[in-house]
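This report goes through a structure by chain, sheet, pocket and side-chain contact. The sequence and coordinates come before the text.

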Amino acid sequence: MNIKVNGNDQKIDREYTVRELLDVLNVKMKEYVTVQLNDEILSRDDFDKIIVKDGDTVEFLYYMGGGSR
Amino acid sequence: MNFSNEQLERYSRHIILKEVGAKGQGKILNSKVLIVGTGGLGAPAAMYLAAAGVGTIGLVDYDKVDLSNLQRQIIHRTKDIGKDKVISGKETINEMNPDVNVITYHEWISSKNIIDIINDEDYDFIIDGTDNFPAKFLINDACVLIKKPFSHAGIIRFEGQTMTYVPGKGPCYRCVFQDPPPKDAVPTCRQAGVLGVMGGIIGTIQATEALKYILGVGELLTGYLLTFDALKMEFRKIKISRRKSCQVCGVHPSIKELIDYIGPQCDLKEDYK
Ligand SMILES: [Zn+2]
């Protein structure tokens, strides 16, 4: 099945929970990444419940703190 | 608004723009922008806003200019090392444009002072140029609670991000990032490095958003997170939505008072200045 990850097409072999997908795709900083699934920002508590399905759009959004010093 | 001949000439490239005109330049000259942090992001933002003629610019920083700042914090010069950053910033702005009234706040922001600082001049727009998450969440929550628009940004290594919050118009920073990460979980520029120009690119976008907000033209980065990857030279404008469960702007907000995320046990001098 095909999903879109941060704007790029990505093939995955089956449906996964969001938590599993973080591992399968080897997402960096997975303890702290924000996940937006089809325009909805997910609560971290829901990562085990929500399934990513064929055609879904996933955005991994990262903390970026620098600026001053 | 009556312009002097000098002003007509200084701002002529603005005034000729149909989206600005004399009326728009008058709005800029009457506007007030608060810049929190006069570092990598705040320095270029402050300089472009000063050049544009923003009438009142507030600078907030407790830090002093350090030699290692000069690779990117272009508002400060070698001769300024050891000087308070707000003073160094004010001097640079005064040399650039005498139309700008610079107000300095020589302090670190906290739950105790942030709202007073914003209300001090009733600033129209706030630019977050800070380098740490407690400050970023504090600015977000304060702006949501007292209904002020602001620009968030962050830079690290070869990457940057920015978004614009406008009260009632779209998601806030906390809608996207929920809570600050644990201390040291996410690297700072000091730990990870940053290409000096990143602040210029992203800080100048923040200044652009401030000017567009003041002028009321175009579309802001409200409801979008703009990310920039300098190595790929790739911008992405990611549509983001409000989160109903947001602790500060959601349906049942739990945050009604500001939070200082640093306890006294933390090393204030090091990472959470
Ligand atoms: Zn929110």
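The sections below describe selected features of the model and give the cut-offs behind each term.

## Basis of the values

This is a predicted model, in which local features need pLDDT of at least 70 and side-chain atom pairs count only at pLDDT 80 or more, while totals for chains, interfaces and linings use all residues. Residues are numbered from 1 along each chain as its sequence is written, chains are lettered from A and ligands numbered from 1 in the order in which they are written, and side-chain values use heavy atoms, with hydrogens and water left out.

## Chain A: overall layout

Chain A has 1 helix and 7 strands, following the pattern β-β-β-α-β-β-β-β along the sequence. Helices (H or I, at least four residues) and strands (E, at least two) are DSSP runs, numbered from the N terminus. Along the principal axes, the C-alpha atoms of chain A fill a box of roughly 45 × 25 × 20 Å.

Of the 69 residues in chain A, 46% are buried. Buried stands for under 20% relative accessible area, exposed for over 50%, and partly exposed for values in between (1.4 Å probe, protein chains only).

## The sheet of chain A

An open sheet in chain A is formed by 5 strands in the order 2-1-7-4-5, with mixed pairing. Strand 2 (8-11) and strand 5 (40-41) of chain A are at the edges with a single partner strand each, so one side of each has no neighbour in the sheet. Two strands count as paired if DSSP finds at least two bridges between them. Strand 4 (residues 34-37) and strand 5 of chain A are antiparallel partners over 2 bridges, and A:Gln36 has A:Ile41 in strand 5 of chain A as its bridge partner.

A:Gln10 belongs to strand 2 of chain A. A:Gln10 is classed as partly exposed because its relative accessibility is 29%.

## Strand 4 of chain B

Strand 4 (residues 125-128) of chain B is covered on both faces: B:Phe125 and B:Ile127 on one side, and B:Ile126 and B:Asp128 on the other, are all buried.

Strand 4 of chain B pairs in the parallel sense with strand 1 (residues 32-36) of chain B over 4 bridges, and with strand 5 (residues 150-156) of chain B, also parallel, over 2 bridges. B:Ile126 is the bridge partner of B:Leu34, and B:Ile126 also stands opposite B:Phe150 in strand 5 of chain B.

## The largest pocket

The volume of the largest pocket is about 580 Å³. On a 1 Å grid over the protein atoms alone, a pocket is an open set of points with protein on both sides within 12 Å along at least five of seven lines, and lining residues have an atom within 4 Å of a point. Grid points are joined across faces, edges and corners, and the volume is the space filled by probe spheres set on the points.

The lining has 25 residues, with A:Asn6, A:Phe60, A:Tyr62, B:Lys232 and B:Arg236 nearest the centre of the pocket. At least two lining residues each come from strand 2 and strand 7 (57-61) of chain A and from strand 6 (159-165), strand 7 (224-229) and strand 8 (234-239) of chain B. Strand 7 of chain B gives the most, with 4 residues.

## Salt bridges

Over all chains there are 18 salt bridges, where a salt bridge is a side-chain nitrogen of Lys or Arg within 4 Å of a carboxyl oxygen of Asp or Glu. A:Arg19 and A:Asp48 form one, with the closest N and O atoms 3.1 Å apart. This pair links distant parts of the chain, 29 residues apart: A:Arg19 is in helix 1 (residues 18-24) of chain A and A:Asp48 is in the loop between strand 5 and strand 6 (51-52) of chain A. A:Arg19 is partly exposed at 32% relative accessibility, and A:Asp48 is partly exposed at 49%.

In chain B, B:Arg174 and B:Asp179 form a salt bridge with the closest N and O atoms 3.3 Å apart. B:Arg174 is buried at a relative accessible area of 0%, whereas B:Asp179 is partly exposed at 36%. B:Lys83 and B:Glu91 also meet in a salt bridge (2.7 Å, N to O), and a network of salt bridges links B:Lys79, B:Asp80, B:Lys83 and B:Glu91.

Note on methods
1 Å grid on protein atoms, 1.4 Å probe; cavity = no way out; pocket = protein on both sides within 12 Å on 5 of 7 lines; lining within 4 Å.
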